[in-house]
Amino acid sequence: MKTNLDTTSENTWCPGCPNHIILASVKQTISKLIESKQAKHTDFAITTDIGCHAKIFDYINLSGIYCLHGRALPTAIGMKLGNPNLKVLSFVGDGAMYAEGMAHFIHAFKHNANMTLVLHDNQSFSLTTGQPTPTSQQGFISKAAPMGTVDRPFNPIKLALASNATFVARTSARDMKHMSATLEKAINHNGFSFVEVIQDCLIFNPDANGKDDLMYKIKDNKNSEQAEKLAKEFDYNGKSGKIPIGVIYQSNERPLEEKWPQLKKQLNLKNNASKKPSILKRLIRTQ
Ligand SMILES: Cc1ncc(C[n+]2csc(CCOP(=O)(O)OP(=O)(O)O)c2C)c(N)n1
Ligand code: SF4
């Protein structure tokens, strides 16, 4: 039977926004996992932040929580604590995660809960009409910084590696095939997987767009020194150099669920995720 992840909500993303492709890619990946019987529809749960990216909550038929700005990631980790058998995905923006929610980002790597963070990076706070975020390029002119942003962007891939990440990947919202393959690897990783999606905003930071020619595909990498080299290749500041896309680093570490006996006990139960005792039973979607 075909999986139906569609909803009836009106889609209000701008025509041509790469978020449409992210949505299609997430649906494709989850449908594949369900149809190949690797998971059930009810095994999946999502959290979203607040922002253009977060509207994905209304456009995909999965249980979850539409969170406060900056808090989608800790809420997702809470879901895993409530029911470690769930396949949890958290959708966040660069503004949400690296500004308001920054502390959660660093600690999530330490916890290493078995879940996936999908970060839509458009180098702009777009829903609120284009203020600079921590990954905006220097010189980005906006109503919040009419003379241009003077701060240098920071590099979240470097930060993830320095925080002992066990899975770090980058993909492009314009390359659905690559994104779906990357998401599948991330969901199947036994630990915390971080996927940065380069997602142009067509309206509020056009100068940061169109980096496709700089992107090149890498082979899945498990070498930490190589990962650091790859992380340095793109500094979020300009349109020179190279932008590696693919699995930048993956390692094997026990996930959070296997470290706590209470959670491990639940993992060992034979039932599927949706039959486990879960706070999520109380979360009901309207669609
Ligand atoms: C606590 C809090 N602070 C600020 C806001 C205002 N706010 C809502 S969406 C948003 C921008 C989101 O930007 P980003 O996370 O980059 O997502 P995008 O819209 O670019 O997808 C901001 C600042 C809020 N809703 N709550
Ligand atoms: S404002 Fe930018 S990020 Fe938001 S929907 Fe439009 S193109 Fe997409």
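Reply: Lys37 is exposed, because its relative accessibility is 76% (exposed means over 50% relative accessible area, buried under 20%, partly exposed in between, with a 1.4 Å probe and protein chains only). This is a predicted model, in which local features need pLDDT of at least 70 and side-chain atom pairs count only at pLDDT 80 or more, while totals for chains, interfaces and linings use all residues; side-chain values use heavy atoms, without hydrogens and water. Residues are numbered from 1 along each chain as its sequence is written, and chains are lettered from A and ligands numbered from 1 in the order in which they are written.

Lys37 sits in the loop between α1 (19-35) and β1. Helices (H or I, at least four residues) and strands (E, at least two) are DSSP runs, numbered from the N terminus. Lys37 is not a glycine, yet its phi is positive, at about 65 degrees. Most residues other than glycine have a negative phi. Asn164 is another non-glycine residue with a positive phi, about 70 degrees. Asn164 lies in the loop between α6 (156-162) and β5. With a relative accessible area of 60%, Asn164 counts as exposed.

Now the sheet. Eight strands form an open sheet in the order β2-β1-β3-β4-β6-β5-β8-β7, with mixed pairing. Two strands pair if DSSP finds at least two bridges between them. β2 (63-66) and β7 (215-217) are the edge strands, each pairing on one side only. On average, neighbouring strands of this sheet are turned by 20 degrees against each other, direction ignored. Those angles run from 0 to 180 degrees between N-to-C directions, with axes as lines fitted to C-alpha atoms, for helices over the stretch in contact.

Begin with β1 (residues 44-48). Five of its five residues are buried, so β1 is largely enclosed by the rest of the structure. One side carries Phe44, Ile46 and Thr48, the other Ala45 and Thr47. Four bridges join β1 to β2, and the two run parallel. Here Thr47 has Ile65 in β2 as its bridge partner. β1 also runs parallel to β3, joined by five bridges. Across that pair, Ile46 faces Leu89 in β3.

Next comes β4 (residues 115-121). Seven of its seven residues are buried. Met115, Leu117, Leu119 and Asp121 point one way, and Thr116, Val118 and His120 point the other way. β4 pairs with β3 (residues 87-93) in the parallel sense over five bridges. Phe91 stands opposite Val118 in this pairing. β4 also pairs with β6 (residues 192-198), again in the parallel sense, over seven bridges. There Leu119 stands opposite Glu196 in β6.

β5 (residues 167-172) and β8 (residues 243-250) pair in the antiparallel sense, over four bridges. Val168 has Tyr249 in β8 as its bridge partner. Val247 counts as buried, because its relative accessibility is 1%. Val247 and Phe194 are 53 residues apart in sequence, and their C-alpha atoms are 9.8 Å apart in space.

Last, the ligands. Ligand 1 has 16 residues around it, the closest being Cys52, His53, Gly95, Ala96 and Ser124. A residue counts as near a molecule or strand if one of its heavy atoms lies within 4 Å of it. Helix α4 (residues 94-100) gives the most to this shell, with four residues. The shell divides into five nonpolar, nine polar and two charged residues. In that count, Ala, Val, Leu, Ile, Met, Phe, Trp, Tyr, Cys and Pro are nonpolar, Asp, Glu, Lys and Arg are charged, and the others, Gly among them, are polar.

Oxygen atoms of ligand 1 lie 2.9 Å from a polar side-chain atom of His53, 2.8 Å from a polar backbone atom of Ala96 and 2.9 Å from a polar backbone atom of Leu127. The protein covers 74% of the 590 Å² of accessible area that ligand 1 has on its own.

Ligand 2 has a shell that includes Trp13, Cys14, Cys17, Cys52, Asn122 and Phe204. The shell of ligand 2 holds eight nonpolar residues, three polar and no charged.

Conventions: A polar contact is a pair of N or O atoms within 3.5 Å; within protein, one must be able to donate a hydrogen and the other to accept it, and residues adjacent in sequence count only if both atoms are side-chain atoms. Accessible areas come from the Shrake-Rupley method with a 1.4 Å probe; for residues, only the protein chains shown count as cover.
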